[in-house]
Every structure is written in C-alpha cells, then in structure tokens.
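Subject: Structure handover

Hello,

Here is the structure I promised to pass on. My notes on it follow below.

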Amino acid sequence: SYRQSAEAMAPTIRSRDCIRAKPGNAAIRAGQIGVFRHPSGQDHVFRVVALAGQRVAVIEGVPVVDGRAAKREARPPLELAPASAGPVPGCDRAAASCAVARFHETLPGGASYDILDAGPMSFADNMAEATVPEGHVFVMGDHRDNAMDSRVAPAIGGPGVVAVAAIIGIIPEPGAGAP
C-alpha cells in the first residue's frame, strides 16, 4: 500500500489517496501504472507510456510513440488548489481553486485514461524523440504539468527512463486508487 503525496497522477490518483500495488514487474505494458524506486530512494507512482525499444517524443504535452501521437478528447475540467494546479493561465495563489483542462487520452496501443494539462508550453511539454533502452520504460504523470517523470533527467531531479528492475509494483487496475 502507498499513500500518494502529490497531484502528479491526478485525476487518476489524487494526493492522499491510498493505493495498493501488486508486487512485481512481470509483463508490464503501456498504460499500466507502476510503483518504482526513484534514484533518490523514494517510491514514485507514474503511468508507463512506452516500452523498451519504442521511440517516444512529447509534443505539446502529448506522447508520440513510434511516430503515432496519443489521441485526446476534451473532458470537463478538474478544480484543483492553486498549489497543485500547475501553470494554469490566469490562476494565482489567491484563487480558491483553478480549473485544469482534462482530456481522455488513448495511447497508440489502445490503453486509455484521463489526464490533466494545465497549459501550453510548460517546462516539459516538448521532448525530442528518443528510443527507450532495453530493460527500461518511459513513464509520465497523468497531470502532465505537475510531474517530474521520464521527460526530466536525473541530473535535475527526474527519474529519466525507469529500469524495469526498479519497478516494485503495478496498480492492478488503472484508476483504482481509493481515498
């Protein structure tokens, strides 16, 4: 069991949600949520977006896997506290809450889930194409503008690509976090 400490996986898993992971990393696939040991020694929870050998890029917050962009459909926004919202245009710390754009995203392989995108041109909204090394996966937070995920190199606090060996558990059903 894990207690989520941030909104990096909102709306799927919210801050303070208690989640259970099935131990192990066997047969991990794109779309699943994995619990992994970050280089800092802390456990982190993110969604697997690309597997070893796949090419991945990020364009305006949208993952592009093997040259195919994930599809997005608009959903009603989610209200978050300003400190958790990310860089929402017009939102400031004095606001009671901020509406963060929500989308239903479908990866090229068919996995789908809801994500948040606070605004254009956030620090990790664009990433040049790279190939995921053997024995690794590429992970992203569902709250794209509030996640230090594989788009962020270890030298600046992110995990970079995650070794499958570092994955200590898989959330059996994405979105099954219980408060």
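A salt bridge here is a side-chain nitrogen of Lys or Arg within 4 Å of a carboxyl oxygen of Asp or Glu. This is a predicted model: local features need pLDDT of at least 70, side-chain atom pairs count only at pLDDT 80 or more, and totals for chains, interfaces and linings use all residues. Residues are numbered from 1 along each chain as its sequence is written, and side-chain values use heavy atoms, with hydrogens and water left out.

Salt bridges

The structure holds 10 of them. Arg 144 and Glu 105 meet through their side chains at 2.7 Å, N to O. Arg 144 sits in the loop between β13 and β14, and Glu 105 in strand β10 (residues 98-106), so the pair ties together parts that are 39 residues apart in sequence. Strands are DSSP runs of E, at least two residues long, numbered from the N terminus. Arg 144 and Glu 105 are both buried. Buried means under 20% relative accessible area, exposed over 50%, and partly exposed in between (1.4 Å probe, protein chains only). A network of salt bridges links Arg 72, Glu 105, Asp 117 and Arg 144.

Arg 151 and Asp 149 form another salt bridge, at 2.8 Å, N to O. Both of these residues are buried.

Asp 66 and Arg 55 meet at 3.8 Å, N to O. Asp 66 lies in the loop between β7 (62-65) and β8, and Arg 55 in strand β6, so this pair connects parts 11 residues apart in sequence. Asp 66 is partly exposed at 32%, and Arg 55 is partly exposed at 33%.

Sheets

Strands count as paired if DSSP finds at least two bridges between them. Strand β13 (residues 136-140) joins β14 through 2 bridges. Val 137 stands opposite Val 162 there.

An open sheet of 4 strands runs β8-β7-β6-β12, again with antiparallel pairing. Here β6 (residues 55-59) and β12 pair over 3 bridges. Val 58 has Met 127 in β12 as its bridge partner.

Cores

A nonpolar core is a set of buried Ala, Val, Leu, Ile, Met, Phe, Trp, Tyr and Cys residues joined through side-chain atoms within 4.5 Å. The largest has 19 residues, of which Val 45, Phe 46, Val 137, Val 139 and Val 162 touch the most other members. β4 (33-37), β5 (43-51), β13 and β15 (167-170) each give two or more residues to this core. Apart from it lies another core, of 14 residues, including Val 49, Val 58, Leu 107 and Tyr 113.

Disulfide

The whole structure has 1 disulfide (a pair of cysteine sulfur atoms within 2.5 Å). Cys 91 and Cys 98 form it, S to S 1.6 Å. The torsion about the S-S bond is about 55 degrees, so the disulfide is right-handed. Cys 91 is partly exposed at 21%, while Cys 98 is buried at 5%.

Confidence

pLDDT is the predictor's confidence in each residue, from 0 to 100. The chain mean is 89, and 96% of residues reach 70 or more. Over residues 174-179, pLDDT stays under 50. Where pLDDT is low, the predicted coordinates should not be read in detail.

Best wishes

How values were computed
Contact means heavy atoms within 4.5 Å.
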